[in-house]
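Q: I have a chain here that I'd like to go through with you. Can we start with the overall picture and then go into detail?

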Amino acid sequence: MRQAIGTLGLTLVVAAVIQAAVPARAVAFEAQTESELLNSTLWTQSSVEFKGNSLAIYKLAGLMLDQALADKTWTAAPDEQASGFEGKPPAVILDVDETVLDNSAYQAWLVKTGKSFSSKTWGPFVRAEISGPVPGSLQFIEDAVGKGVKVFYVTNRKAPLEDATRNNLKALGYPIDDSEDTVLMRGEIEAWKSSKKGVRRAHIAQNYRIAMLIGDNFGDFVDGYKGSPAERQAIMTKHLDMWGTRWFVIANPMYGSWESAHFGHDWKLPSEQRRQMKHDAMETWAGP
Ligand SMILES: [Mg+2]
């Protein structure tokens, strides 16, 4: 999907193949030769609209925090924290990528080089420690710490990238509580191998009341994020009251499970097929 098609010739061949297979729906697909990441990366990296959106979400989270702290029956993790949490100290869990750290420079590199995401290039990017702050996140976290809230960073960056991640966060001024492990990487221990973060939320829930979850991906809130679009919608609807009160989502149009849901989260499918499935997923006006 993110791999730009190399030559016009190949584009035409691919388009012709698809046109032969599915003639009724090939037109816009054929016209799409620009990287799918261009607009979303440009928007995230440089628009005042993204900044305003992110600032507003974090401001709302800050406003809701007092209510979250005052109400001891309040938890943001219904799946991991069913009961017995009222007396525990409050914690906030934040995702890292595109929630606290802005990695749009990596996405821009993908656009400019025509490459797709790969751990072989992602690792060196992370180790460069050049990610910027997502607008509003630092202020929110500082305020939360000031109110006695324990801040956890729960990320699917893998364990070998922990030092670089901590360095990048610290260089930007993000507080990291070193009295215990508050930066929970994927695979840091055997039980945390999964990209599903529920196990790590449950780990935190043992000793804390989880007051808020903040992320850019549905998986930062629930483990059912790898379902179909309809299944994801059903889980979202079930938790409707959480959004804007206990769950806060930062816009990420560059990547995420919202995209892969349209092709069964199967990144092994050929890129043309994944793009076609996304294309087919759109509800379309019949035209004038
Ligand atoms: Mg993220």
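Q: What percentage of the residues of the protein chain count as buried?
A: Of its 288 residues, 33% do. Buried means 20 or more other C-beta atoms within 10 Å of the residue's own; 12 or fewer is exposed, in between is partly exposed, and C-beta atoms are placed from the backbone. This is a predicted model, where local features need pLDDT of at least 70 and side-chain atom pairs count only at pLDDT 80 or more, while totals for chains, interfaces and linings use all residues. Residues are numbered from 1 along each chain as its sequence is written.

Q: How many helices and strands?
A: The protein chain has 12 helices and 7 strands. These are DSSP runs numbered from the N terminus: H or I of at least four residues for helices, E of at least two for strands.

Q: Which residues touch the most other members of the largest nonpolar core?
A: Ala91, Val92, Ile93, Ile210, Met212 and Leu213, in a core of 43 residues. A nonpolar core is a set of buried Ala, Val, Leu, Ile, Met, Phe, Trp, Tyr and Cys residues joined through C-beta atoms within 7 Å.

Q: And which element supplies the largest share of this core?
A: That is β6, with 5 residues.

Q: What does Ile93 touch?
A: Leaving out residues up to four places away in sequence, Ile93 touches Phe152, Val154, Arg201, Ile204, Ile210 and Leu213. Contact means C-beta atoms, placed from the backbone, within 7 Å.

Q: Switching to α7. Which of its residues are buried?
A: Ser137, Phe140, Ile141 and Ala144. They lie on the same side of α7, because they cover an arc of only 95 degrees around the axis. The arc is taken from the directions from the helix axis to the C-beta atoms.

Q: Why do residues three or four places apart in an α-helix point the same way?
A: An α-helix has 3.6 residues a turn, so such residues point the same way.

Q: What do the buried residues of α7 pack against?
A: They pack against α4, β1, β3 (132-133) and β4. Just after α7, Gly148 takes a positive phi of about 85 degrees.

Q: Now Trp247. Buried or exposed?
A: Trp247 counts as buried, because it has 21 C-beta neighbours inside 10 Å. Trp247 lies in strand β7.

Q: Which residues is Trp247 in contact with?
A: Setting aside neighbours within four places in sequence, Trp247 is in contact with Ala76, Leu213, Phe221 and Met242. Trp247 and Gly215 are 32 residues apart in sequence and 8.1 Å apart in space, C-alpha to C-alpha.

Key
Two residues are in contact if their C-beta atoms, placed from the backbone, lie within 7 Å.
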